[in-house]
Amino acid sequence: MNSLKKTGMRILFLACLAVTVVGLCACKDPKLTVNYYIDGKKTETLPDQGLYEIKSIRCSNKDANATWDCNTWSLKTETLKKNTSVDLDFTYTSHPFTMNGIGYDTLQEAFNAAGTETAVIHLTREATGSGTTAVGSDITFYLHGFALDGQGGETIVNNGKMTIYGKDENASAEAEGTDARGILANSTGSGENSKTLVNFGTLIAYDLIINNSTSSFSVWNSNNGESTMELHNCLIERSEPEIIALVNSGTLLLDGCMIYGGGDLAHPAVLQNAANASLKLVNTKITNSGSGYSIFRESGTVESDGASQCPNAYGISEE
């Protein structure tokens, strides 16, 4: 009798243990597995929001209602009740400009869509065209090592706050000696409306090559009393005898930059021409292969560190 009682208790204990184990297993959260693909080829990481668009979504659980949010660049699902796998297939964007996962055919369209909201814009391939930002705008612009040619219009006119990153993020994989900086250019046009970079607000740029083959100068930091510009590791090169490469009429920092001009006595490589203007040089080289000056300080102040080189400068003290 005692043996039967013990056997019954053992069976009851095992049954309770099984129920407990099943209960614990049932309490585990369902697992979500996400797989990324680019044009059908599996990749380990999520593609860059600025360069790719969602192509298709395949979900093992129809009740999950899986969708892709282009703004946050993330997967959205309903509450999961079972393990679910989602395959996301992306493709390189067909648009030259993107903002918040949406493609635009022109830079001006992207600037218009940004308005005065904080925005991130990407250049996805070599492109032409120009754009003017809104007053009060706040834009971060990634060139990813590509070139943007204004072709006669002022390539970029900044009326708000803008930060430009030129460098190709995959530069380490490039062949040795390749310049991975992005290019802002202007190859056609004439007169005052074919500059490459114009600033009426606050502009900071990193790793740019700034080209211009028109009769206008390449960069103008304006005289509106609110123009502040920083150029870091940027290259500007002009060879024409009647061209000024850069005109500073505001507050300008040149850090690790190289500016080469070829102008005559009336056309220095860099001209500072406003009473309240200030120029600071840090590890920067400015030269003029023509008969003109490297820097001509008409007014304002110029500060140069010991590492900068500006031979044949007018109106500044050489270190």
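Let me begin with Thr163, which touches Ile139, Thr140, Phe141, Ile204 and Tyr206, leaving aside residues up to four places away in sequence; contact here means heavy atoms within 4.5 Å. Thr163 is placed in strand β15, residues 161–165. Strands are DSSP runs of E with at least two residues, helices are runs of H or I with at least four, and both are numbered from the N terminus. Thr163 counts as buried because its relative accessibility is 14%. Buried means under 20% relative accessible area, exposed means over 50%, and partly exposed lies in between, with a 1.4 Å probe and protein chains only.

A word on the basis of these values. This is a predicted model, in which local features need pLDDT of at least 70 and side-chain atom pairs count only at pLDDT 80 or more, while totals for chains, interfaces and linings use all residues. Residues are numbered from 1 along each chain as its sequence is written, and side-chain values use heavy atoms, with hydrogens and water left out.

For the overall picture, the protein has two helices and 30 strands. Of its 319 residues, 42% count as buried. Among contacts with a separation of 6 or more, 59% are between residues 24 or more positions apart. The accessible surface comes to about 16200 Å², and carbon and sulfur atoms hold 51% of that surface; the areas come from the Shrake-Rupley method with a 1.4 Å probe, and for residues only the protein chains shown count as cover.

Two strands pair if DSSP finds at least two bridges between them.

Within this sheet, β7 (residues 97–99) and β9 (residues 118–123) are antiparallel and share three bridges, and His122 in β9 is the bridge partner of Thr98. Strand β9 runs parallel to β12 (residues 138–142), joined by five bridges; there, Val120 has Thr140 in β12 as its bridge partner. Strand β15 pairs with β18 (residues 202–206) in the parallel sense, again through five bridges.

I turn to the aromatic rings. The whole structure holds 10 aromatic pairs. Rings of Phe, Tyr and Trp (its six-membered ring) pair if their centres lie within 6.5 Å; planes under 30 degrees apart are stacked, over 60 edge-to-face, and the rest tilted. Trp73 and Phe90 form a tilted pair, because their centres are 5.6 Å apart and their planes stand at 45°. Trp73 is in the loop between β4 (67–69) and β5 (74–76), and Phe90 is in strand β6 (residues 84–92), 17 residues apart. Both residues are buried.

The pair of Tyr165 and Tyr206 is stacked, at 5.3 Å centre to centre and 5° between the planes. Since Tyr165 belongs to β15 and Tyr206 to β18, this pair ties together parts 41 residues apart in sequence. Tyr165 is partly exposed at 33% relative accessibility, and Tyr206 is partly exposed at 28%.
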